[in-house]
Amino acid sequence: MNKSRNFLYGSLLLLPAAVLLWTFTYQPVLATIYNSFFTTPKGRRPSVFIGADHYTRMIEDPVFWQALTNNILYAAVTIPASMGLALAMALFVNSRMSGQGLVRMAYFTPTVLPMVAVANIWLFFYAPSYGPVDQLLGLIGLGHNNLLGTPSTALWSLIVITIWKEAGFFMIFYLAALQQISPTLIEAARLEGASPWQIFRRVTAPLIMPTTLFVLVNALIGAFRLVDHVIALTKGGPDNSTTLLLFYIYETGFQYWDTSYAAALTVFLLAVLALIALFQFGYLDRKVHYR
Amino acid sequence: MTSVSTPKAGIITTLGAWLLAFIWISPLLFAFWAAFHPATGASSFDLFAPLTLENFSQVLAAAPFPRYFLNTFLLVSLILACQLVVCTLAAYAFVCFPFRGSGILFMLVLIQLMIMPEILLVENYRTLANLGLRDTILGMGLPYLASAFGIFLFRQTFKSIPKELEEAARLEGANAFQILMRVFVPLAKPTYIAFGLVTVSYHWNNFLWPLVVTNSVETRPTTVGLQVFATVEQGVDWARVTAATLLSVAPLLVAFILFQRQFVQSFMRAGIR
Amino acid sequence: MDISVSHLVKDWGTSRAVDDISFAAEKGQFIALLGPSGCGKSTTLRLIAGLDDATSGTIAIGDRDVTRLMPAKRGLSMVFQSYALFPHLTAAENILFGLSVRGFSKGEQQAKLKLTADMLGLEHLLDRRPSQMSGGQQQRVALGRALIAETSVCLLDEPLSNLDAKLRAGMRTEIRSLQKRLGITMLYVTHDQTEAMSMADQVILMNGGRIEQAGSPTDLYEKPASVFAARFIGTPPMNVLDLAKVEGGMGLPGSMRLLAAQTSGELQLGIRPEHIHLSDDGEPAVVQASEYFGADTILTCCIGPQSLQVRLPGRAGVSEGAAIRLGWSPTALQFFDRSTGLRRDDVTVFKNP
Amino acid sequence: MDISVSHLVKDWGTSRAVDDISFAAEKGQFIALLGPSGCGKSTTLRLIAGLDDATSGTIAIGDRDVTRLMPAKRGLSMVFQSYALFPHLTAAENILFGLSVRGFSKGEQQAKLKLTADMLGLEHLLDRRPSQMSGGQQQRVALGRALIAETSVCLLDEPLSNLDAKLRAGMRTEIRSLQKRLGITMLYVTHDQTEAMSMADQVILMNGGRIEQAGSPTDLYEKPASVFAARFIGTPPMNVLDLAKVEGGMGLPGSMRLLAAQTSGELQLGIRPEHIHLSDDGEPAVVQASEYFGADTILTCCIGPQSLQVRLPGRAGVSEGAAIRLGWSPTALQFFDRSTGLRRDDVTVFKNP
Amino acid sequence: QTKLDFYYPVQVGGPVTKVIDGYVAKFMAENPGIQVAPIYSGNYNDTTTKALTAAKAGTPPAIAVLLATDVFTLIDEDVVEPIDQFVKTDEDKAWLDGFMPAYLKSAQTEGHLWSVPFQRSTAVMYYNKQAFKDAGLDPENYPKTWDDMVAAGKAVTQKDASGNTTRWGIGIAGNVGSSQWMFGALAAQNGARLMNDEGTETYLTDPKVVEALQYWVDLSKKNGVHPQGIFEWGTAPADFLAGRVSMIWHTTGNLTNIRKNATFDFGVAPFPGHPNPASTLGGGNFYIFKDTSDEQKQAAFKLAKFLTSDEILADWAVQTGYVAPRDGAWKTQTLTDYTAEEPNALVALKQIPNAVPEFSTHENARTTKILNDALAAALTGNKTPEKALADAQTEIDKILKQYR
Ligand SMILES: Nc1ncnc2c1ncn2[C@@H]1O[C@H](COP(=O)(O)OP(=O)(O)OP(=O)(O)O)[C@@H](O)[C@H]1O
Ligand SMILES: Nc1ncnc2c1ncn2[C@@H]1O[C@H](COP(=O)(O)OP(=O)(O)OP(=O)(O)O)[C@@H](O)[C@H]1O
Ligand SMILES: O=P(O)(O)OC[C@H](O)CO
Ligand SMILES: [Mg+2]
Ligand SMILES: [Mg+2]
């Protein structure tokens, strides 16, 4: 239809979303970048331009590097583990078995629970000596750990919680994808003599590839966004062993009140997310769409 | 749900699935167990400790959880209602009124899929303070009222609605608003349900941003309330903390258990994948 | 004139989908727009409906020039190939959609609904959703939605192509008799020549965005204006064979028999399968395949290097590889120019002694 | 016997989809399983393929009882209605899927691929994905995947129903000639009687899970075992009219003419539309509708209270409402028992003077 | 009508909020022109965060109870008024003079008094007399030196058949937000200070400070009387009450809680020394914020005075276990009755002369976090005490440089 009408209607309809997105996404991004070049205004010291000082400070900041390495380890473990488990769960739930509904519910339930609430339960699970996890470890002779209180295990403990929380969520996407696969395709493969493993490798897995990539992007974003359990369980400790990037931003901004340095850290996080976005639009969207 | 031709799972698969399910549900089972037993039972895990509702009544007496629920409910309703409207309008514009540059606008919108408001919490906090909306439910919801995810999802769904339906409505004399309300919206119902569920559970569970913007009991949502409750100066009392935890997850959990079938199905029908 | 289209052109980017189409339909006529896939039928229909904008040309409905009007203002109704029923509405709500968005009163709506439903035999289906109806029933509801507005022009885009063969035959007669009864003008798009031939008062045969031939079904069948028209119509279609120069005229290559008295130019011979019969003194041929359909048998035969199809009644009892002789009446022969593909009425048929 | 099925039964919960089916196919035969939607054709095929388990009965392929074997072990191949091509694989990879999962060497695979692709004319399509191919091309790839394994039995479930009419006719002859050339046994499910009639050596007509009639196409056409078979086959199908008692025998209600010498029981008369012609001393009838198809015209007429269809060659030139007279040869008449619907060969046709 | 927001650091609900609500109601009854809204905002950390957040946004609370140690941070952010500027009348002066100087000291800098003490504490040692008795120790003879504590710890520690410890000797909270407080005491016991009074210097590399940390680390590493890793402040009372740890260092503010829930005979002891006993002062003061109207400030001051009256402080001490920071309060009937019945309540008070201020510097949140991290690193064996403290000193120097 006619172009000016489209423009009028289109822009009117887009207006509310545009205003909101500008105010709470784009403008803050720009402001964050801008503020990262100034000192934090304190009641008695107005802010002054300091160029890239915050960024050099960042490079010298051991906590930042620790947060970054923690976050990379956190992502590198939680993402494949939760995706793999999610796929296994989806395959389980997609096959006919008794109690299928209950099993699906069990998998999915952690997803709907608030992370902070869940953290309280896990705090007990991880409690030294009487917590169930430690008792289980005790059974195999590895007992008496202060899992959350020891730097070498604290991050792993959070990783386990994250996997537990996220796998069920990703399962839904996989389940949807699996159900989208026409059963005749599986039948055709069976007729051709493919074993269950071959069917998975050569038919199912390629067909759910788009889902895998979609889930991957979500998981990547999540790995840099979810810090509720850090706040609730460890506050980044002990000795920063569980400090993740966003938690460090929160801590710097709202505990130390160094908002400008927090802005510089945020800019770094935004750059990471931009990389993910580039990866998605540049690579994933050009991936072969089979249907 | 399962198509008939899916092979029946073997015994090992079934056992594996059940074991995993048990592990996955055990934290919740434990919480139930601890919340209904006296405080001393919890940490020593005495299976035969007597049942009690004491913990719940103590929690309710100790903290204004009903108020927190109300706050969460108001917050979630506000966000959901606004998101539905704002995202529907935007998606409709992208699908039915494309103009020069709307493609680029859409790409811009997609950026917000990556940059959730909580990442920008320092700046957003400043904005909110300038608006004088700190420590208000509106302020807590405001950064989320336009959801890129919603726009993306609705656009996708609207695009998948056969063009002929829109054309048929146009031929029958329906105007743009009628077409939206009488054709697009009802047809996208599964997507709306799925999106609604995602939004509700996201904001019911959201913590960091509300933690930053709320100060008072009058605005604090359940998650923050629970965190404040569990932040100990005098020592953790597992029984009461699990009781409080259960209280705060209960509404969502009950809703989920009741509607899990629809939840999962609408998720799939909405083609979120 | 109820519909009149002149010099209609539609470009999609650089490609021309509709290329200077003009035709007119009288009130109460049933016009079929026929042609192969991609020839521009749907585009033409959509231009008339106003769903797309014409690049140039004019469209008039009744006596109004509607070229620039909105679809809803053109005073026509349309039935879509996919029916385009609203899946979330019941049959009744679907039929009433237009009246309801136009703000007709409930009473009026119900009265009209009753009439339409009676006419189409939909009374017991009114509460069902499209997903609860068979294809034929959905088709009827789509018709109902188009007819309830009582516009004088109704456009239909391949309305039967999603139905199975049996149903299609039934709906064909149903639509046609409805159209006659209500006296509305119908413009009917189809790529199925059987449908066009059996239903239309006038067939407009399109090819590559242009009109190839327009006329009554008999015209198209008996006097195809081109090889394209000849081969497009009829199952099996007309046989078109190259002719070669023979002593004294032209004949089939490899045969001495003269068929045309002409000697200049390159000619093609057209003959319909049902006009060929077994004949002891006919042209020798070899059977390549034989398909039995109960009422008829279709033979595929070779005469020299060329192959042609023959329709014989009942079970022919000729097996593959058999040598037979084929005869025809000279009046059954038609001629085409091999280079232009156009019909040649100036060729003298050579009458065999 | 290449396929032999005996007393096959399949229950879905409480409803019986396949009800005691037995038949056998000789090596190299083309068998069509024909019947209306829901009659159990696909279920029968899937039982034979081993995709579903039979409730009771046995299935043998070649000389092996395969009733309890896995699908892949039964030595057969299958073509699905939806083609079931793997969307992420190229045509070549689709065709080779079975060989590759069975661990054939690359060399063998390529050799066989070349043969199959040549045979089906797929050489230039081998690198394309299904989404980049037309329906007909996809169909060919699906056939290729079934044929490359060189099993002696191939099952096909409505392989052509997703194609348009023109393509369907082409593929029909292609499949049939391939089958003959390779000498494989094909079991072919269709609900389209034209397909079954024109392709099959033997047609198995199913209805409600049971076999209604099994025999050659000519048998089914000329000697339908029941009213169901009579009406299922032929376009338009056979006219089946109730007979009433008349002086000295039975005739059409409202007519004095005797048709059957019988007087007891309730009879129905069957006559095919193409066996009726206009005849000056025939039965009086009124034309209700006339459909012109070029080669033929189908008239729908009334004789007394009953309606029947008549197929006349060319343009009949009879308009609606005209009074005509219809004649037929006594040999064209068939009789059925009105209560059982079964064929009655014992009825004496009354020869009009 | 003047409206006041009053931030108070406690988990919402809990018995303590009822008490505060009661005081506020009483105050409002006496001052009909003032309306006070108490806002319970979590632990000290959260409350400081909230108050600062609010102040920066221009909507500060009129008055808040925040850690005494936050004084530098609050001054730097320029959000609080010096309290002494409200002190005009003689009566006010008398009120001010009634506070114990030890508690006032930490609130004085730049020549002003910035806050007034309210719920003050010292850290004390709770010990399980039953466990002492079981181990053959004299339950009344609590450990007085570091060595005593190790010895007692060894005596009460119990292991099961497989060698796993079922009861620990001593637990000192090492988590973020608590460890700096505990460590201040340890350092003082060894005769060292962690920082100067101006909050511009820290002395973490002082060998005595390092030695103090080494002692803490050795409690578990060498002597095996302390749980490994980080012992949590939050779970400490539960562990003590469940008999899993026989001695804990905790705030006196937990006395009432432990008194109510203990199922065994327990004692409260002053901290040991090496050789001189020492503890740290802790707890919260009233701060009055800038950026509110004069009426609100005046009303806030009135509230502060009301809540720090001898009667209220006495009642507060009974209700919680906190130390009333005014001598006058200890002379009230309420407290004399109470201490007669529960002499443990006096332990904290008696410790005051031996107590040092809690760790506090400019940018306190950040320096405290750095110190916490260093302590955690040492306690978990990631770094040696020297290295951990030296690293922390370097980091803190970078931050405090600008304030010197
Ligand atoms: N929206 C469009 N944009 C670009 N090209 C189009 C569009 N619609 C149709 N075309 C092109 O215009 C030509 C005519 O298309 P049209 O749909 O009118 O054919 P048709 O005769 O209806 O064919 P069919 O029988 O397959 O429906 C085709 O080449 C088609 O690809
Ligand atoms: N998986 C199944 N579960 C339950 N009932 C089934 C199943 N598959 C088929 N049926 C039922 O069995 C009967 C026969 O179905 P079948 O698919 O064999 O019919 P068909 O002859 O192939 O029909 P069509 O021509 O529509 O494909 C039908 O009533 C159908 O509803
Ligand atoms: O728990 P409190 O009130 O004694 O305070 C303890 C310390 O000051 C915390 O750093
Ligand atoms: Mg079309
Ligand atoms: Mg079928």
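Colleague: How far does a polar side-chain atom of E:Thr251 lie from an oxygen atom of ligand 3?

Modeller: This is a predicted model, in which local features need pLDDT of at least 70, side-chain atom pairs count only at pLDDT 80 or more, and totals for chains, interfaces and linings use all residues; side-chain values use heavy atoms, with hydrogens and water left out. Residues are numbered from 1 along each chain as its sequence is written, while chains are lettered from A and ligands numbered from 1 in the order in which they are written. A polar contact is a pair of N or O atoms within 3.5 Å. For E:Thr251 and ligand 3, the distance is 2.6 Å.

Colleague: What share of its accessible area does the protein cover on ligand 3?

Modeller: An N or O atom in the side chain of E:Tyr44 is 2.5 Å from an oxygen atom of ligand 3, and for the side chain of E:Gln180 the distance is 3.5 Å. Accessible areas come from the Shrake-Rupley method with a 1.4 Å probe. On its own, ligand 3 has 310 Å² of accessible area, and the protein's share of cover is 95%.

Colleague: Between which chains does ligand 3 lie?

Modeller: A residue is near a molecule if one of its heavy atoms lies within 4 Å of it. Of the 12 residues around ligand 3, those that come nearest are E:Tyr44, E:Ser121, E:Thr251, E:Tyr322 and E:Glu358. By class, this shell has four nonpolar, six polar and two charged residues. The ligand itself lies between chains B and E.

Colleague: Which element gives the most to the shell around ligand 1?

Modeller: The residues around ligand 1 include C:Trp12, C:Pro36, C:Lys41, C:Ser42, C:Thr43 and C:Glu158. Helices are DSSP runs of H or I with at least four residues, numbered from the N terminus. With three residues, the element that gives the most is helix 1 (residues 41–49) of chain C.

Colleague: How much of ligand 1 does the protein bury?

Modeller: A nitrogen atom of ligand 1 is 3.1 Å from a polar side-chain atom of C:Trp12. Oxygen atoms of the ligand lie 3.0 Å from a backbone N or O atom of C:Gly40 and 2.5 Å from an N or O atom in the side chain of C:Ser42. Taken alone, ligand 1 exposes 630 Å², of which the protein buries 57%.

Colleague: Why is the site of ligand 2 shared between chains, and which chains are they?

Modeller: Of the 12 residues that surround ligand 2, the closest are D:Ser37, D:Gly38, D:Lys41, D:Ser42 and D:Thr43. Helix 1 (residues 41–49) of chain D gives the most to this shell, with three residues. The site is shared because the residues that surround ligand 2 come from chains B and D.

Colleague: Which chains share the most contacts?

Modeller: Chain C and chain E do not touch, with their nearest C-alpha atoms 50 Å apart. No contact joins chain D and chain E either, and their closest C-alpha atoms lie 51 Å apart. Of the eight pairs of chains in contact, the pair that shares the most contacts is chains A and B.

Colleague: What percentage of residues 72–93 of chain A is helix?

Modeller: In an unreviewed entry, UniProt places the feature "transmembrane region" at several spans of chain A, including residues 72–93 and 105–127; such annotations may be inferred rather than shown by experiment. The span 105–127 is 83% helix, and its end C-alpha atoms lie 27 Å apart. For residues 72–93 the end C-alpha atoms lie 31 Å apart, and helix makes up 100%.

Notes. Polar contact = N/O pair within 3.5 Å; in protein donor to acceptor, adjacent residues only side chain to side chain. Helix = DSSP H or I, 4+ residues; strand = E, 2+ residues; numbered from the N terminus. Nonpolar A, V, L, I, M, F, W, Y, C, P; charged D, E, K, R; others polar. Contact = heavy atoms within 4.5 Å.
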